[in-house]
Amino acid sequence: MPSTTEFAHLFALILFGALLVVVHIAVVRRVFMDVTPTWKRVALFVPPVTPVLAWQSGHHKVAVLWWATLITYVALRLAV
């Protein structure tokens with residue numbers, strides 16, 4: 001039987017994974033109209049490119065939020 005800490009870790013991992021998806025979609029929605037060339041709009045759907053284009057568009061807070069969520073998710077994933 002898994003322990004309580006293992007359940008808490010799994011819950012946090014699922015929570016931050018879902019949060020990363022939601023933050024990614026929110027960043028894409030916010031930056032989509034600010035990015036001019038069509039190829040950059042398509043590139044927004046590639047996760048590593050999204051915060052870079054957000055930063056270049058002047059959306060610094062959402063770019064930092066995206067990276068913070070990713071770093072937290074990876075840290076939880078490696079803490080197994």
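Where is the place of His59? Select His59 and you land in the loop between α3 and α4 (helices are DSSP runs of H or I, at least four residues, numbered from the N terminus). Before going on, note that this is a predicted model, where local features need pLDDT of at least 70, side-chain atom pairs count only at pLDDT 80 or more, and totals for chains, interfaces and linings use all residues. Residues are numbered from 1 along each chain as its sequence is written, and side-chain values use heavy atoms, with hydrogens and water left out.

Stay on His59: its relative accessibility is 17%, so His59 counts as buried (under 20% relative accessible area, with a 1.4 Å probe and protein chains only). Leaving aside neighbours within four places in sequence, show Arg30, Val31, Asp34 and Ala54, which are in contact with His59 (heavy atoms within 4.5 Å).

Finally, display α1 (residues 4-31) with α4 (residues 60-78): they pack at about 155°, axes 9 Å apart (axes are lines fitted to C-alpha atoms over the stretch in contact, and angles run from 0 to 180 degrees between N-to-C directions). The two helices are therefore roughly antiparallel (angles over 145 degrees). To see their contact, colour residues including Phe16 and Leu20 of α1 and Trp66 and Tyr73 of α4.

Conventions
Parallel < 35°, antiparallel > 145°, perpendicular 65-115°, else oblique. Buried < 20%, exposed > 50% of the residue type's maximum accessible area, 1.4 Å probe, protein only.
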